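Trainee: Could we go through the aromatic contacts in this model together?
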Amino acid sequence: MRIKRSSWAIPYGIFLILFVALPLLLIALYAFQDRSGAFTLQNFVKFFNTPEDLHTFVYSIEIALITTVLCLLFGYPAAWILANARLNRSAVTVILFILPMWINMLVRTLATVALFDFMKLPLGEGALIFGMVYNFLPFMIYPIYNTLHKMDGSYAEAAQDLGASPATVFTKVTLPLSMPGVWSGILMVFMPTISTFAVAELITLNKVKLFGTTIQENINNGMWNYGAALALIMLVIIAVTSTFTDEEDKRADEKGGLI
């Protein structure tokens, strides 16, 4: 008896239903219910009427944006150097940049705390941003490096043959063609950064509070409905960011195809 190729997707479909679709459905149901199970919008009204939670939400987006921008500023040059055969001739260098991704994030975070403690530096907002960039920088480097590494070098060679300067080749050829990797890196950094809580708690010793911590505190205190509403708001932000990134990715692909 031959098994259809599509049958191999059944376990994956079951996994998606149980561990992705069902939890999201439960979050949506709890978010629009009160403790008695009746439909209500009071959970969202409470969020907008709670200055502390609003401030934490805006602050978390600010930290996520700063982390993403810094990762992009540090990650793109590193990825470009790694993908440039004239500057990097060893695959070992690439592995050294990707190696931190193989280590558990909590271990890296605890190492950052130990480093700041050894250097007698305060564990505040600066330490948080440093820890965020340190943890998520490889997630920015890898997709950009992957895109640059697979890029057809004939485009840059053709531009050089036509008299383009190195700066023009980069701005008119390399950068536009690498945008799919850039947007993927932005998505891989911004999404987990905006929802994280363990990194902030460990690095700052609970001195700096992010939105993920607010969600965790409400759920741990039994306020499931309000916590679900906060989680749903976070999911909407992530979904909007993902949609925007996908649209920019398509535009970059179209521009790249026209070069």
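Mentor: Let us begin with Phe-32, which counts as partly exposed at 29% relative accessibility; the class lies between buried, under 20% relative accessible area, and exposed, over 50%, with a 1.4 Å probe and protein chains only. This is a predicted model, in which local features need pLDDT of at least 70 and side-chain atom pairs count only at pLDDT 80 or more, while totals for chains, interfaces and linings use all residues. Residues are numbered from 1 along each chain as its sequence is written, and side-chain values use heavy atoms, without hydrogens and water.

Trainee: And Phe-39, buried or exposed?

Mentor: Phe-39 is exposed, at a relative accessible area of 64%.

Trainee: How many aromatic pairs does the structure hold?

Mentor: There are eleven aromatic pairs. Rings of Phe, Tyr and Trp (its six-membered ring) pair if their centres lie within 6.5 Å; planes under 30 degrees apart count as stacked, over 60 as edge-to-face and the rest as tilted. Phe-32 and Phe-39 form a stacked pair, 6.1 Å centre to centre with 5° between the planes.

Trainee: What about Phe-47 and Phe-57?

Mentor: Phe-47 and Phe-57 are paired edge-to-face, at 5.7 Å centre to centre and 85° between the planes. Phe-47 counts as buried at 1% relative accessibility, and Phe-57 counts as buried at 11%.

Trainee: Which residues form one aromatic cluster?

Mentor: The cluster consists of Phe-47, Phe-48, Phe-57 and Phe-211.

Trainee: Changing topic, what lies over the face of Tyr-226?

Mentor: Lys-46 does, at 4.3 Å from the ring centre; the criterion is NZ of Lys or CZ of Arg within 6 Å of the ring centre and within 35 degrees of the ring normal.
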